[in-house]
Amino acid sequence: MTRMTSLHRAVLSLALAPVAPLAAAEAGSPPKRPSLETLQRIIADRAPQTRVEAVDHERITARRIDIVGEDGTIRMTLSANTPPPIIDGIQYKRAFDVAGMILYDDTGSERGGFGVADTPAGTAAVLALDHPAMDAAGWRVSPDGSVMFVINQAPPLIREAGLGNRLVPGVEAPTRVKLSVAADGTPMVALADAGNQPRVRMTVTPEGYGAIEFLDAAGKVVHVMAPERDLKR
């Protein structure tokens, strides 16, 4: 049997959410599951197409491929030089050239993508999922070898009369969660407050001790918990 992927589980959960809310199972009782009737109601096709009989072409060479919806709206672009981001009907300049894939919502606004970015410091591998007008979560593998994952709080949606009442991109919002591994291998998980100031950091010291640091609003470490280090002292 083919193993269900996390994406399949997420899609099924969304489909069943109105009729089968999650609940904690009592000890020893069978797990909660949707009824057969519920499953039958959400079946779209009992024999979906999973393969093609023959390959149209062994190789396709193109600088850009667009996947469009039934109404012609571009929903996905695969390109050696991805187009600049479109936000609420306006296209803005991209900070760096990116080769990869861009995803769009049903209005044609960019909502994520992945690829390689040509930065002044070298090529970075990037992946992002977006709020309507800014990054929501993203991975970055930098040229120096450092790796970072961030989750940003959703900013307020602001419309500008001078832009035809369109959404303003890049409204500031705090990065609430940051997980990183520095170029030297130092790992860190940081949680920030509403002012974008890290207030809790979990890391491993150069000596190899696990530590949790608490910071004040000015960024000063006010307390460190490192039990193994403290015992050895």
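Visitor: Asp105, buried or exposed?
Guide: Asp105 counts as buried, with a relative accessibility of 18%. Bear in mind that this is a predicted model.

Visitor: Why does 18% get that label?
Guide: Because buried means under 20% relative accessible area, and Asp105 comes out at 18%.

Visitor: OK, and which side chain does Asp105 meet in a salt bridge?
Guide: That would be Arg111, at 3.9 Å from N to O.

Visitor: What's the cut-off for that?
Guide: The side-chain nitrogen has to be within 4 Å of a carboxyl oxygen. For Asp105 and Arg111 the value is 3.9 Å.

Visitor: And Arg111, how accessible is that one?
Guide: Arg111 has a relative accessible area of 30%, so it goes down as partly exposed.

Visitor: How many salt bridges are there by that rule?
Guide: The count comes to 9. One of them pairs Arg94 with Glu110, whose closest N and O atoms are 3.0 Å apart.

Visitor: Arg201 and Glu213, buried or partly exposed?
Guide: Arg201 is partly exposed at 22% relative accessibility, and Glu213 is buried at 18%.

Visitor: Switching topic to strands. Which way do β9 and β12 run?
Guide: Antiparallel, with 6 bridges joining β9 (residues 147-152) to β12 (residues 175-181). Within that pairing, Val150 stands opposite Lys178 in β12.

Visitor: What's the partner of Lys178 in β13?
Guide: Ala190 is the bridge partner there. β12 and β13 (residues 187-192) also pair in the antiparallel sense, over 5 bridges.

Visitor: How many residues are between the strands in the hairpin of β12 and β13?
Guide: There are 5 residues between the strands. Gly185 in that hairpin takes a positive phi near 95°.

Visitor: Side chains in a regular strand, which faces do they take?
Guide: As a general rule, they alternate between the two faces of the sheet.

Note on methods: Residues are numbered from 1 along each chain as its sequence is written. This is a predicted model: local features need pLDDT of at least 70, side-chain atom pairs count only at pLDDT 80 or more; totals for chains, interfaces and linings use all residues. Side-chain values use heavy atoms; hydrogens and water are left out. Two strands pair if DSSP finds at least two bridges between them. Helices (H or I, at least four residues) and strands (E, at least two) are DSSP runs, numbered from the N terminus. Buried means under 20% relative accessible area, exposed over 50%, partly exposed in between (1.4 Å probe, protein chains only).
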